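Here are my notes on the model you asked me to look over. Have it open while you read.

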Amino acid sequence: MTSGDVKVLDRRALNRSLLARQLLLERSSMPAARVIAHLVGMQAQAPNPPYIGLWTRVAGFRTEDLASLVRNREAVRLALMRGTIHLVTADDCVALRPVLRDALRQGLMRSFGKELDGLDIEEVAARGRELVEREPLALGGLGALLAERWPDRDPLALANVVRGLVPLVQVPPRGLWGESGQAVHTSAEAWLGRPLARATAPDPMIERYLAAFGPASVKDIQAWSGMTRLADAVKRLGPRLAVFRDENGRELFDLPDAPRPDPRVPVPVRFLPEFDNILLAHADRTRVLAEERRGLVFTRNGLIRSTFLVDGFVAGLWRVERTRGAAALVLEPFAALSAQDRAALAEEGGRLLAFAAAGADSAEVRFV
């Protein structure tokens, strides 16, 4: 369908494009590091969701495939897009953090501006860097040490100054499958042994976003990145981009040669972890999640629940329950499912249990 000379992409066309780029139409044979880079990182507030996210995208993925990247400092977890914790490659850590610097600073002032009024935050950041490079610290411990110099300030606000202005990476065992522990931090420069990149222009990041999430509007790019005023950057890229519109007339941009499959292409059922990228990468999420179901997935306290896809769209929630050596995958569909879809979910769910609950004496998939 076209509108004038601009092709219109309906919801299913956008859905299939997103799934193809997110490696959800068929599992990839790429190694985990290349997948993480292709996805421009994976949201990772909790340690385990990226493992599930890679399992659902990568053929033959093993937990050790990611754990070894974290231990060997080839992948790190730190605050990036939208000020949230992301798992990224070491190369992307040093490349993306400078691009997002101003957005992270603005986010800090939105959250703690009142507590930081009149404070030299650059001095706080410099002192915080000294402390975490001397010994990795939890944010609570960092705030307490900073409060020794600034006793009239909120320790949480002081710690967040460092988090916002210094690239703090979480060091192992945080981020390793099956290992718990408080998140402790040091600077990316100290951990990786190299400086951050100097380039701050968003243009390359926008092109990579489109490769992983496009076609997309300027508002979509801003919602994913946490940055504002990206229209000028998209305009600079204009000659290199294809232009479409969605069914509501919004202008969408894309890489000319990026995959845009036939909207009728069949899609296997897929299980997504908490905070999966595809639920957080657009201002308009209806290409994968119906608006009326958003409240079932996004909780009031900021969690994004684990979901499963049927025909490419979010169709329900899942969780693993463990009791005395037994593991159950509990599926909560939003609506009645066909016998074929239930069978496909049970089969794929059995594979998920074999991965996520390896070692359980018994395992079952249960619909509720």
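1. **Ground rules.** This is a predicted model, so to speak of local features a pLDDT of at least 70 is needed and side-chain atom pairs count only at pLDDT 80 or more, while totals for chains, interfaces and linings use all residues. Residues are numbered from 1 along each chain as its sequence is written, and side-chain values use heavy atoms, with hydrogens and water left out.

2. **Overall shape.** The radius of gyration is 21 Å, which agrees with the value near 21 Å for a compact globule of 368 residues (taken over C-alpha atoms, the rule being 2.2 Å times the number of residues to the power 0.38). Along the principal axes, the C-alpha trace spans about 65 × 60 × 35 Å. I count 15 helices and 14 strands (DSSP runs numbered from the N terminus: H or I of at least four residues for helices, E of at least two for strands).

3. **Packing and surface.** Of the 368 residues, 51% are buried (under 20% relative accessible area; exposed is over 50%, partly exposed in between, with a 1.4 Å probe and protein chains only). Take the contacts between residues at least 6 apart in sequence: 65% of them join residues at least 24 apart (contact means heavy atoms within 4.5 Å). The accessible surface comes to about 16,800 Å², and carbon and sulfur atoms own 49% of that (Shrake-Rupley, 1.4 Å probe; for residues, only the protein chains shown count as cover).

4. **The largest pocket.** Its volume is about 360 Å³ (a pocket is an open set of points on a 1 Å grid over the protein atoms alone, with protein on both sides within 12 Å along at least five of seven lines; lining residues have an atom within 4 Å of a point). Volume here is the space filled by probe spheres set on the points, which are joined across faces, edges and corners. Which residues lie nearest the centre of the pocket? They are G83, G107, L108, S111 and R163, out of 19 lining residues. Both α6 (101–116) and α9 (155–165) supply at least two lining residues, and α6 gives the most, with 7. The lining divides into 9 nonpolar, 7 polar and 3 charged residues (nonpolar: Ala, Val, Leu, Ile, Met, Phe, Trp, Tyr, Cys and Pro; charged: Asp, Glu, Lys and Arg; polar: the others, Gly among them).

5. How many cavities of 30 Å³ or more turn up in the whole structure? The search finds 3 (a cavity is a set of points where a 1.4 Å probe fits but cannot get out).

6. **Cis peptides.** Most peptide bonds are trans. The bond from P172 to P173 is cis, with omega near 15°, and P173 is in the loop between β6 (168–170) and β7 (185–187). G214 and P215 are also joined by a cis bond, omega about -5°; P215 is in the loop between α11 (203–213) and α12 (218–225).

7. **Positive phi.** R73 has phi near 65° and lies in the loop between α4 (63–71) and β4 (75–79). With a relative accessible area of 36%, R73 is partly exposed. R229 has phi near 55° and is found in the loop between α12 and α13 (231–237). R229 counts as exposed because its relative accessibility is 79%.
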